[in-house]
Amino acid sequence: MRSPDTTSWHSATWQTKVAQQQPTYADPKALEGAVAHLSRLPPIVVSWEIDALRERLAAAQRGQAFLLQGGDCAETFADCESDTIAKKLKILLQMSLVLLHGLKKPIIRVGRMAGQYAKPRSVDTETRNGVTLPSYRGDLVNRPEFTAEARAADPELLLRGYERAALTLNFVRALVDGGFADLHHPEYWDLGFMKHAQLKDAYQHIVNSIGDALDFFEGISGRGVAEGTLADFYASHEGLHLLYEQAQTRFIPRQNRWYNLSTHMPWIGMRTAQLDGAHVEYMRGISNPIGVKVGTAMDSTWLQGLVTTLNPQNQPGRLTLIHRFGAKDIEASLPRAIEAVRQTGQAVLWICDPMHGNTETAAGGLKTRRFENILKELDLAFRIHADMGSYLGGVHIELTGEDVTECTGGARGLTDADLQRAYRSSVDPRLNHEQALELAMLIAERSQTRRADKRASTAP
Ligand code: PEP
Ligand code: CO
């Protein structure tokens, strides 16, 4: 096994490697100026929060907690508004409540928020009516309108992105600190437009039962359930734009380690996980817990290489593998991946992204995902991990607190024809509020059934 050299690592060593998915800037001086400016600005998160998250993820890795990671495919600058942010936080909190109730484990809440502004693209350019322009790569890089000016990569957007990430997290922190995330007050999270009667009743039932459980516990123990364990919320984004990540990467002398202080938990996307590539080089040197997307194209040797390069010390909570095989491929791919990681002797946290392997084009040409496929992949993921004596310790979901129509299916039975009504994503289709809550309920329900089955089968 390769023994990784961390002694010569610093936040820019990735520049000696091939970096996929980086924009081309016309003015290198302007880019240098923006990155230098970004390097002087204060961090968005701090090292002790990052360490705290890593410890919580270590608990999930041991089977003692469950990670809920979710948010938009891409945040946009226009959506940096109080209402949109609060709604996204609310749906994540509602889902975490439902999961807590069903899984009977602490839920670690991590938003794809406050920095999810850069997107990998399958092609570098887009052609319309004979005109070819650079692809839209997220608001951190350029703008979606199809004009040469909008599609030119603009270094100033790095600063605008940093500012909006800070504004977003500032608001989330204020809400969380003010008791917004407290399980004692789920009434704060009412989204108003949840109209599906059965879903609403089922959710209310869970809220009441958690309220009763808290009253019961606090009644017999004579003390409140500690706020700290109830109220934390962390941020994550794809660590794609390496100059942005580098600029916020700092050496903390007290810890004697490097941290990416732009987010708590960056992850490496599928398209940038090359073992000898710049993203792996960058991520191996930071102390944050990190995620890696795992798809069907990743063979066992590649996966093993990632595990040993990114976590040579086998540090608990350091590495989360986010598998995203798709409902049709998970049965062939997941057992092989679990076995490959097992052979390294390293412990990882496995979570399932049931979104990215299930993207398809609907009849009208819009990108969509079917709720039934998302649920099917999750069901299979839970089953395969359990059958192999492994643990599925979380989910990674693309969702929004808004009432959009981007994924089909769910309790309301959205069809391809409904997609036109409120399709707002400029990238991947997200579950809307009702679909996201329903998914959490189904995960919770099925986990309760599995527990009951297990009890029945082990009863004397
Ligand atoms: C994403 O999470 O939006 C994404 C691009 O995923 P992946 O890297 O798994 O394709
Ligand atoms: Co996406």
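Biologist: Which residues in H3 meet which residues in H6?

Modeller: In this predicted model, Gln94, Leu97, Val98, Leu100 and His101 in H3 meet Tyr203, Ile206, Val207, Ser209 and Ile210 in H6. Sorted by class, the contact of H3 with H6 has seven nonpolar, three polar and no charged residues.

Biologist: What describes two packed helices?

Modeller: Two packed helices are described by the angle between their axes together with the distance between those axes. For helix H3 (residues 82–103) and helix H6 (residues 197–221), the axes come within 10 Å and cross at roughly 65°. Angles of 65 to 115 degrees count as roughly perpendicular, and H3 and H6 are therefore roughly perpendicular to each other. Their crossing, moreover, is left-handed.

Biologist: At what angle do H10 and H11 pack, and how far apart are their axes?

Modeller: Helix H10 (residues 300–310) packs with helix H11 (residues 330–344) at an angle of about 45°, and their axes are 9 Å apart. H10 and H11 are therefore oblique to each other, and the crossing of H10 and H11 is right-handed. On the H10 side the contact is made by Ser300, Leu303, Gln304, Val307 and Thr308, while H11 contributes Arg336, Ala337, Ala340, Val341, Gln343 and Thr344. By class, the contact of H10 with H11 has five nonpolar, five polar and one charged residues.

Biologist: Are H12 and H13 roughly parallel or roughly perpendicular?

Modeller: The reading again starts from the axes: those of helix H12 (residues 371–387) and helix H13 (residues 433–458) come within 11 Å and cross at roughly 30°. Because of that angle, H12 is roughly parallel to H13, and H12 passes H13 in a right-handed crossing. In H12, the residues Phe371, Ile374, Leu375, Leu378, Asp379 and Phe382 meet Gln435, Glu438, Leu439, Leu442, Ile443, Arg446 and Arg450 in H13. The residues of this contact of H12 with H13 divide into eight nonpolar, one polar and four charged.

Biologist: How far does a polar side-chain atom of Arg112 lie from an oxygen atom of ligand 1?

Modeller: For Arg112, a polar side-chain atom lies 2.9 Å from an oxygen atom of ligand 1. A polar side-chain atom of Lys119 lies 2.7 Å from an oxygen atom of ligand 1, and an N or O atom in the side chain of Arg324 is 2.7 Å from an oxygen atom of ligand 1.

Conventions: Residues numbered from 1 in each chain as written. Chains lettered and ligands numbered in written order. Predicted model: local features only at pLDDT ≥ 70, side-chain atom pairs only at ≥ 80, totals over all residues. Heavy atoms only, no water. Axes fitted to C-alpha atoms, helices over the stretch in contact; angles between N-to-C directions. Helix = DSSP H or I, 4+ residues; strand = E, 2+ residues; numbered from the N terminus. Parallel < 35°, antiparallel > 145°, perpendicular 65-115°, else oblique. Left-handed = near helix turned anticlockwise from the far one by under 90°. Contact = heavy atoms within 4.5 Å. Nonpolar A, V, L, I, M, F, W, Y, C, P; charged D, E, K, R; others polar. Polar contact = N/O pair within 3.5 Å; in protein donor to acceptor, adjacent residues only side chain to side chain.
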